[in-house]
Amino acid sequence: MQNVDITIVGAGSAGLTLALLLAPLGLSIVILEQGSAPNSADVRHQRVSALNLASQRLLSHLGAWPAIATTAQAYNQMQVWDADSFAGIEFDAATERLSELGWICENEQIRLALYQQLQRHSNVHFEFDCTINSLVQSEREVLVNINQQQLLLSRLLVGADGVNSRVRRDAQLALTHWDYEQQAIVATINTTLPHQACARQVFLPTGPLALLPLPNPTQCSIVWSCTPARAAELLALPPAQFNQALTAASNSVLGVLQLHSQRQAFDLKMRYASSWLRGRIVLVADAAHSIHPLAGQGMNLGLMDVAALAELISEAVEANKDFADNRLLRRYERWRKAEAQTLIAAMEVFKRGFSNQQPLLKLVRAVGMSGVNQLPWLKTQIIAAALGNSGDLPKVARPQTKAQHSA
Ligand SMILES: Cc1cc2nc3c(=O)[nH]c(=O)nc-3n(C[C@H](O)[C@H](O)[C@H](O)COP(=O)(O)OP(=O)(O)OC[C@H]3O[C@@H](n4cnc5c(N)ncnc54)[C@H](O)[C@@H]3O)c2cc1C
């Protein structure tokens, strides 16, 4: 039997970030991962995420950012438009006195960079290719049986095991979920016109299509969300016909678009655990909530979850208190649920507002978008939320004040 302070289930972006935030506290940490260790051979721009400035500050604080930036593309403009009316909103970094609005980062490179940083900490251990056989808890500990024979006793267990969380299921934490009735097609594409570091999204009647700039100036990653019927049609098309449909859907904004990679499809569901903890088991990131990718906020939200949890655990350790105390975990849950609920509601408004073809709503939408584009103060509020600079941020993700900057 092995005794540890904290077990983290899942070595995705959330689990690895949490381990790296907690490692300097000297606690013994084990990460259980069903897959293999992050590997540079898996970094191929297949899956990317738009990270906001709050996430970038967090990853910089952890020393992982320089390695992530080697395969990331900054974007300093954003264009969003409605395919029906051509009404749109544009944001640019210069107006906000920033050098960029965010970064398109390779998911596997994020994992790899975090994993490399974790190699410096001898108090953090990994179990890759790991199978969890059972998970039970008493008042003071959580017992996990792994790989049929090993027993692991921990004071706190964190479920960072993604949308189909086994931890959530075993801890009997109820899930609210609804189907967005959309699938997302993800692929890397070549463009004939350069993307000019602009992240674009067009709202089509069947769902949004995002064109996210990659380091090659004529390559983008697409996230094309559409009804399952339309997705099935698009996936079945030969590449040449898919390219035609994609170019038409994008209104040829980047010229002719051509597939550079395979197409991958993801079911889109809203998931929200009504409780994020039971005893000494707590959920973070996609294990606790998953949202529509249209605003590119899922990973950002998860990274802020783990930064918030780590902040509260650090305070408890420094004060010589129980870091798995129920009041501490409830504080984490209240803090982060408020942020997750706001985003879930916002995604619903966007999704419903843009997929509705009622003429009056279409008019309101067009007038609303053009109106917002003319109002600099409102655009500044919207962009602050998208950049991750608003809301109740964990300390490590807050923007630096001028005094801190000059110190
Ligand atoms: C199409 C699409 C586009 C997106 N775009 C963006 C974007 O632009 N910006 C953004 O911020 N977010 C985006 N997201 C959301 C983002 O991808 C997720 O929020 C994020 O990857 C979740 O990280 P995680 O660590 O919680 O979960 P995961 O990345 O799913 O990691 C969970 C880990 O747990 C492991 N695991 C699972 N079960 C077990 C088990 N029983 N035992 C051991 N290990 C286990 C898995 O192998 C995995 O390594 C997008 C999502 C989709 C679907």
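Q: What covers the buried residues of H7?
A: The cover includes strands E12, E13 (198-204), E14 (207-213), E15 (219-226) and E16 (257-259), together with helix H6 (228-236). A contact means heavy atoms within 4.5 Å. This is a predicted model, in which local features need pLDDT of at least 70 and side-chain atom pairs count only at pLDDT 80 or more, while totals for chains, interfaces and linings use all residues. Residues are numbered from 1 along each chain as its sequence is written, and side-chain values use heavy atoms, with hydrogens and water left out.

Q: Which residues of helix H7 are buried?
A: In H7 (residues 239-249) these are Phe-242, Asn-243, Ala-245, Leu-246, Thr-247 and Ala-249. Buried means under 20% relative accessible area, exposed over 50%, and partly exposed in between, with a 1.4 Å probe and protein chains only. Just after H7, Asn-251 takes a positive phi of about 60°.

Q: What makes a stretch a helix or a strand, and how many of each does the protein chain have?
A: Helices (H or I, at least four residues) and strands (E, at least two) are DSSP runs, numbered from the N terminus. The protein chain has twelve helices and 20 strands. Of its 407 residues, 53% count as buried. Among contacts between residues at least 6 apart in sequence, 73% join residues at least 24 apart.

Q: Why is Asn-52 called buried?
A: Its relative accessibility is 6%, and the limit is under 20%; therefore Asn-52 counts as buried. The residue is found in the loop between strand E3 (48-51) and helix H2 (53-61).

Q: How do you know that Asn-52 touches residues elsewhere in the chain, and which are they?
A: With residues up to four places away in sequence not counted, Asn-52 touches Gln-297, Asn-300, Ala-386, Leu-387 and Gly-388.

Q: What makes the approach of the Asn-52 side chain to Ala-54 a polar contact?
A: A polar contact is a pair of N or O atoms within 3.5 Å; within protein, one must be able to donate a hydrogen and the other to accept it, and residues adjacent in sequence count only if both atoms are side-chain atoms. A polar atom of the Asn-52 side chain lies 3.2 Å from the backbone nitrogen of Ala-54. The side chain also reaches the backbone nitrogen of Ser-55, at 3.0 Å. Both distances fall within 3.5 Å.

Q: How do you know that residues surround the ligand, and which are the closest?
A: A residue is near a molecule or strand if one of its heavy atoms lies within 4 Å of it. There are 27 residues around the ligand, the closest being Glu-33, Gln-34, Ala-50, Asp-286 and Met-299.

Q: What is the class make-up of the shell around the ligand?
A: The shell has twelve nonpolar, ten polar and five charged residues. Ala, Val, Leu, Ile, Met, Phe, Trp, Tyr, Cys and Pro count as nonpolar, Asp, Glu, Lys and Arg as charged, and the others, Gly among them, as polar.

Q: Which backbone atoms lie within polar contact distance of the ligand?
A: A polar backbone atom of Ala-50 is 2.7 Å from an oxygen atom of the ligand. A backbone N or O atom of Gly-296 lies 3.1 Å from a ligand nitrogen, and one of Met-299 lies 2.8 Å from a ligand oxygen. Taken alone, the ligand exposes 1,000 Å², of which the protein buries 83%. Helix H1 (13-22), E3, strand E12 (175-191) and helix H8 (298-318) each give two or more residues to the shell, and H8 gives the most, with three. Accessible areas come from the Shrake-Rupley method with a 1.4 Å probe; for residues, only the protein chains shown count as cover.

Q: Why is the pair Asp-5 and Arg-155 called a salt bridge?
A: A salt bridge is a side-chain nitrogen of Lys or Arg within 4 Å of a carboxyl oxygen of Asp or Glu. The closest N and O atoms of Asp-5 and Arg-155 are 3.5 Å apart, so the pair qualifies. Asp-5 is in strand E1 (residues 2-9) and Arg-155 in strand E11 (residues 150-159), 150 residues apart. Asp-5, Arg-155, Arg-280 and Asp-322 are linked in a network of salt bridges. The count comes to 13 salt bridges.

Q: What makes Asp-325 and Arg-327 a salt bridge, and how is each classed by accessibility?
A: Their side chains meet at 3.3 Å, N to O, which is within 4 Å. Asp-325, at 22%, counts as partly exposed, whereas Arg-327, at 65%, counts as exposed.
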